[in-house]
Amino acid sequence: MAELPTFISTAQAPSTSGVGSLDYVPAQDDLGKVLQNLGGVGQQIAEDMFKTENAQAVNHAKLGAALKLNQLEVELGKMDPKQALSVAPTRIKQIQDEQTEGLSAVAKDAFSSTFATMNAQSQINIQAQAIKNHNDKQQAGLAVLLDGLGKNIGPKGRQLTTTNSVATAFSAINTAVRGNVITAKKGADLKLKFRKTIAENTIDRWFNNQTRQTLMDAFKEIDEAKFKDPEIQQLWGVLDEDRKMALTGRAITRLSRLHSFEDKLEQEKVDQK
């Protein structure tokens, strides 16, 4: 069998010069690796700095927007409700534009995402205040109207009749309920209160219109709660006990003043004799 050839390493084998070849040592570029690593670290630092600056810019923009929105809510809260609701969207958009001025695209996106919630909440606050202002104004007007109707009454004469006063008042109350100015329960309470007020004022005026000759008879009607006039009798039934006592007290005071006046006249007649 033929003998297989073998390979012999030439390492350390003498060259033609008689000197063996050097061992192979791979080249090591340590400086290049260090520079490469520094470049990566520097890039990361730059990215972190950019993120930090953006985050801070967004936070400052959010703070400024919150302050301006609060000021806007206070300002619009003093305006006419309709006007406040009309200008609110434009003014809020103006605040958004002011706070995003100079921000990077990334910061603008981050701020806009947050501002959407702030915008919605501010709109809700402005609307709630506008509705409250509107309702307060309407309720105040309703109170003035009911007070006027309650006083401008009387069973006789040029004053509004009791029926017309009640009809006008109830119509105004119903309108307020339909317009969500007051609740249905509040409306019912106002109607009951107005009935009592108009009944008390009508009876009060009826008694005050009595002459010296009829005043004592009128007082007896109040004292006994029995009236010749059916309208006065019906109105008396509407009153609660507190209002009845108040009317009786005022009637006693007027009757006492009349008696004092008559006694004074009698004394003057005696003194003249």
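This is a predicted model: local features need pLDDT of at least 70, side-chain atom pairs count only at pLDDT 80 or more; totals for chains, interfaces and linings use all residues.
Trainee: What makes up the secondary structure of the chain, helices or strands?

Mentor: Helices: there are 8 of them and 0 strands. Read from the N terminus, the elements go α-α-α-α-α-α-α-α.

Trainee: Why is N180 called exposed?

Mentor: Exposed takes over 50% relative accessibility. N180 has 61%, so it counts as exposed. You'll find N180 in the loop between helix 4 (162–178) and helix 5.

Trainee: And why is A225 called partly exposed?

Mentor: Buried would need under 20%, exposed over 50%, and partly exposed is what lies in between. A225 comes out at 28%, so partly exposed is the label. A225 also sits in a loop, this one between helix 6 and helix 7.

Trainee: How do you know what span to expect for helix 5?

Mentor: Take 1.5 Å times one less than the number of residues. Helix 5 has 25 residues, and the expected value is 36 Å. From first C-alpha to last, helix 5 reaches 36 Å, close to that expectation.

Trainee: Which residues of helix 5 are buried?

Mentor: Among them are G187, L190, F194, I198, I203, W206 and F207.

Trainee: What makes a set of residues a nonpolar core?

Mentor: They must be buried, come from a set list of nonpolar types, and be joined through side-chain atoms within 4.5 Å. The largest one here has 17 residues, and I203, W206, F207, I222, F227, W236 and L239 touch the most other members. Helix 5 (184–208), helix 6 (215–224), helix 7 (230–238) and helix 8 (241–272) each give two or more residues to this core. Another core, of 16 residues, lies apart from it, with V58, A65, L69 and A88 among them.

Trainee: What is F227 in contact with, leaving aside its neighbours within four places in sequence?

Mentor: W206, E221, I222, I232, Q233 and W236. Calling these contacts means heavy atoms within 4.5 Å.

Trainee: How much of the whole chain is buried?

Mentor: Buried residues make up 27% of its 273 residues.

Conventions: Residues are numbered from 1 along each chain as its sequence is written. Side-chain values use heavy atoms; hydrogens and water are left out. Helices (H or I, at least four residues) and strands (E, at least two) are DSSP runs, numbered from the N terminus. Buried means under 20% relative accessible area, exposed over 50%, partly exposed in between (1.4 Å probe, protein chains only).
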